[in-house]
Amino acid sequence: MTTTLITGANKGLGYETARRLVEAGHTVYVGARDARRGEEAAARLGARFVRLDVTDEDSVESAAAFVEKDAGRLDVLVNNAGIIGAHKPVGEMTGTDMRNTYETNVFGAVRVTRAFLPLLEASEAPVVVNVASGLGSLAATNDPSRVEYTVAALDYNSSKTALVMVNSQYAKAYPGIRFNAVDPGYTATDLNGHTGHHTVEEGADVIVRMALIGADGPTGGFFDAAGPAAW
């Protein structure tokens with residue numbers, strides 16, 4: 001049985017990804033910082049709940065200990081938890097605003113990855129999927145024909161750029177683990193007030209696809225629904 005942990009899995013893209021992977025036969029751990037919402041989501045999905053706040057070192061370590069005791073290894077890690085940030089004009093953004101967004105979107109992914117590396121290395125074909133964004137793509141945000149060009153969000157956009165580089169560095173350091181970053185596209189979730197053009201089903205497609213790759217799959221890449229994406 002494939003064991004999978006998804007952070008921020010009680011709603012949105014994380015929830016849909018969990019639903020699809022449970023359907024594919026995975027034992028899915030729903031990571032969520034709110035115990036009530038996480039437990040309810042896990043019950044609806046037929047998954048297992050683990051309390052996990054990616055901004056809290058103790059919470060992440062406790063989650064890793066729980067999964068280790070429960071399963072002994074981790075085959076797939078999906079770093080999905082993220083926040084939209086401060087909603088401020090670029091010139092009004094403060095260092096504290098930036099730090100708060102990076103705490104979840106970048107440092108959180110690093111915390112979780114580091115804590116679960118021993119369990120991933122115990123897997124025969126470990127996979128990590130980092131949920132980034134086209135808003136973190138230098139190519140997309142500098143192309144006037146792309147919707148990403150119109151979105152100015154210093155903290156969120158740059159945090160997703162950083163996450164793609166974090167993914168690249170892990171991929172080179174751990175060639176036995178498939179690390180890939182993905183862009184779900186502009187998906188209607190709580191993160192954007194459900195203004196996105198894609199449904200969560202459409203947005204989750206690339207996450208699920210990259211979660212299901214085998215040991216011979218790509219690593220160190222950035223993918224969207226169409227395949228490898230420029231960043």
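Is Glu-16 buried or exposed? That was my opening question today, and I took it to a predicted model.

**Entry 1: Glu-16**

I looked up the relative accessibility and found 4% for Glu-16, so this residue counts as buried, the cut-off being under 20%. I then checked where Glu-16 sits, and its place is in helix 1, which covers residues 12-23. Next I asked what Glu-16 touches once neighbours within four places in sequence are left aside; the partners are Val-200, Glu-201 and Ala-204. I also took one distance here: Glu-16 and Glu-202 are 186 residues apart in sequence, yet their C-alpha atoms are 9.7 Å apart in space.

**Entry 2: Thr-4**

I moved on to strand 1, residues 3-7, where Thr-4 is found. Thr-4 has 0% relative accessibility, so I noted this residue as buried too.

**Entry 3: helix 4**

I wanted to know which residues of helix 4, residues 95-105, are buried. They are Asp-97, Thr-101, Tyr-102, Thr-104 and Asn-105. Looking down the axis of helix 4, I found these buried residues within an arc of 165°, so they line one face of the helix. A reminder to myself: an α-helix has 3.6 residues a turn, so residues three or four places apart point the same way. I then looked for what the buried residues of helix 4 pack against, and wrote down helix 5 (107-121) and helix 7 (154-173).

**Entry 4: the whole chain**

Stepping back, I counted up the secondary structure and got eight helices and eight strands. The radius of gyration is 16 Å, close to the 17 Å that the globule rule gives for 231 residues, so the protein is as compact as a globular protein of that length. Along the principal axes, the C-alpha atoms fill a box of roughly 45 × 40 × 30 Å.

How much of the protein is buried? My note says 51% of the 231 residues. I also looked at contacts with a separation of 6 or more, and 66% of them join residues 24 or more positions apart.

Technical notes: Residues are numbered from 1 along each chain as its sequence is written. This is a predicted model: local features need pLDDT of at least 70, side-chain atom pairs count only at pLDDT 80 or more; totals for chains, interfaces and linings use all residues. Side-chain values use heavy atoms; hydrogens and water are left out. Helices (H or I, at least four residues) and strands (E, at least two) are DSSP runs, numbered from the N terminus. The radius of gyration is taken over C-alpha atoms; the globule rule is 2.2 Å times the number of residues to the power 0.38. Buried means under 20% relative accessible area, exposed over 50%, partly exposed in between (1.4 Å probe, protein chains only). Contact means heavy atoms within 4.5 Å. The arc is that of the directions from the helix axis to the C-beta atoms.
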